[in-house]
Amino acid sequence: STVLIADDQSDVRESLGLLLSGEGYAIETAASPAEVSAALVRRRFDAVFLDLNYQTDTTSGREGLALLAETRERDPDLPVIVLTGWASTDVVVTAMQAGASDFLEKPWDNARVLTVLKNQIALAAARADNRRLMAEAEPVEEGGMVFRSKSMREVMATVDKVAEADVAVLLTGASGTGKGVVAREIHDRSRRAAGPFVHVNLGALPETLAESELFGHVKGAFTDARADKPGRFELADGGTLFLDEISNASAAMQARLLTVLESGMVERLGATRPRPVNVRLVAASNADLPALIEAGEFRHDLYFRLNTVEIPLPLLRERPEDIPALATHFLARFAQRHGKKIKGFGRPAESALLAYDWPGNVRELAHVIERAVLLAADKSIVAGDLRLPGAAKEATSLEAMSLEQAERYLMQKALDRNRGDAAAAARQLGVSRSAFYRRLAKLKQ
């Protein structure tokens, strides 16, 4: 790694250069703001040690702050480590707010110099890798689907292939994985997109009403049938009928569904003449249909009518790379719905989202984010707002910490909540900025 040492004092440049070159770093030095600017133009560095005061101005730090701004403009990710004395604490605070990565007090501790430099170069490399990976897998938003995972890309590639084919599709997967959203995508990408999309949840229909709801009835067919009523098959004519939780269909209902699928005709309850219907069927199940067939609880012939193409949907925990994109999507939706100005998630909240198992899948994630939006008291979601089981453990873990560990923990949490804004973190903790940096420096030793 190549490091630029910018300081007007030759002994500082030489001693720091000897320390770093002895550890294998390539060193360049600059004695003035003009030399710093020229070096930054000439090449890219992996880190910069930057003095804030030069010969023409030895106390205010203006030249150093201007150089910091120039460096940040050229390369926002370049680690800049400020060199200073405690006499300029306020200037250090200003420098950190302006984007300095860390600071070192003169005279410095050699071990701290090496630790700070190593950590800052590693952090910069990690950020660069993260940006590269994110660029390679930007979240895709298609209709109601938000994803970047390979498994969901494969699901949507299959949807593209079958949508135009006008064949029956069976969607399988656990509750909350997004089967209803995928069914809508199939409809919207099909030649039937201009026609109706009718959703029926068989798991929510009482068995006594299911036949009437699906196939309709004529006046007088039963006690409360006061008028003719078309069923969902007729309402979906020319479009798509989505039968959710198909495994809940009774044996009689399965037989009637098979008849409709084979004949393309539907007969209302109490009617004497069937009616033709032109419906594309998409079914969904969170149950193991082959196991139900083995147990004699689901018709083998109906199963093959339903799954000309079967599309299994993965669990949310099996595609963790989709969680941040989905969470951001839901945050924007619910913040707008509830009139909250929330910009994002704190790092602990992001970690909690990724650590949780999500037994309720995407549906549970949506509920959790909406609840967090309602509970949030700040401009970003913190781990406590999520009310996830793992997040509650953070509070009790403090009891087992030493005073020094608790102080470090709380300072880091405050920085995370405020996206690295030290002044805001200090305000939340009820200390001055200078006191915050003194404590931070002590804890880093």
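Which helix holds Ala-426? Ala-426 lies in helix 19, residues 422–429. The model is predicted: local features need pLDDT of at least 70, side-chain atom pairs count only at pLDDT 80 or more, and totals for chains, interfaces and linings use all residues. Residues are numbered from 1 along each chain as its sequence is written, and side-chain values use heavy atoms, without hydrogens or water.

**Overall make-up**

- The protein has 20 helices and 18 strands. Both are DSSP runs numbered from the N terminus: helices are H or I with at least four residues, strands are E with at least two.
- Of the 445 residues, 47% are buried (under 20% relative accessible area with a 1.4 Å probe, protein chains only; exposed is over 50%, partly exposed in between).
- Contact means heavy atoms within 4.5 Å. Among contacts with a separation of 6 or more, 67% link residues 24 or more positions apart.
- The protein exposes about 22300 Å², and carbon and sulfur atoms supply 51% of that area (Shrake-Rupley method, 1.4 Å probe).

**Around Ala-426**

- Ala-426 is buried, with a relative accessible area of 0%.
- Beyond its neighbours within four places in sequence, Ala-426 is in contact with Val-431, Ser-432, Arg-433 and Phe-436.
- Phe-436 is ten residues from Ala-426 in sequence, and their C-alpha atoms are 5.8 Å apart.

- Five strands form an open sheet in the order 2-1-3-4-5, with parallel pairing (two strands pair if DSSP finds at least two bridges between them).
- Strand 2 (26–30) and strand 5 (102–105) are the edges; each has a single partner strand, so one side of each lacks a neighbour in the sheet.
- On average, neighbouring strands of this sheet are turned by 20° against each other, direction ignored. Axes are lines fitted to C-alpha atoms, for helices over the stretch in contact, and angles run from 0 to 180 degrees between N-to-C directions.
- Helix 2 (residues 33–42) packs on the sheet and touches strand 1 (2–6) and strand 2; its direction makes about 140° with that of strand 2.
- Helix 3 (residues 62–74) also packs on the sheet, touching strand 3 and strand 4, and its direction makes about 160° with that of strand 3.

**Strand 4 and its partners**

- Strand 3 (residues 47–51) and strand 4 (residues 80–84) run parallel, joined by four bridges.
- Phe-49 stands opposite Ile-81 in strand 4, and Leu-50 has Val-82 as its bridge partner.
- Four bridges also join strand 4 to strand 5, again parallel. Leu-83 has Leu-104 in strand 5 as its bridge partner.
- In a regular strand the side chains alternate between the two faces of the sheet.
- Val-80, Val-82 and Thr-84 point one way from strand 4, Ile-81 and Leu-83 the other way, and all are buried.

**The second largest pocket**

- This pocket holds about 520 Å³ of space.
- A pocket is an open set of points on a 1 Å grid over the protein atoms alone, where a 1.4 Å probe fits, with protein on both sides within 12 Å along at least five of seven lines; lining residues have an atom within 4 Å of a point.
- Grid points are joined across faces, edges and corners, and the volume is the space filled by probe spheres set on them.
- Its lining has 26 residues, of which Gly-176, Gly-178, Val-181, Val-362 and Arg-363 lie nearest the centre.
- Elements supplying at least two lining residues each include strand 7 (145–147), helix 7 (179–188), strand 9 (197–201) and helix 15 (361–375).
- Helix 13 gives the largest share, six residues.
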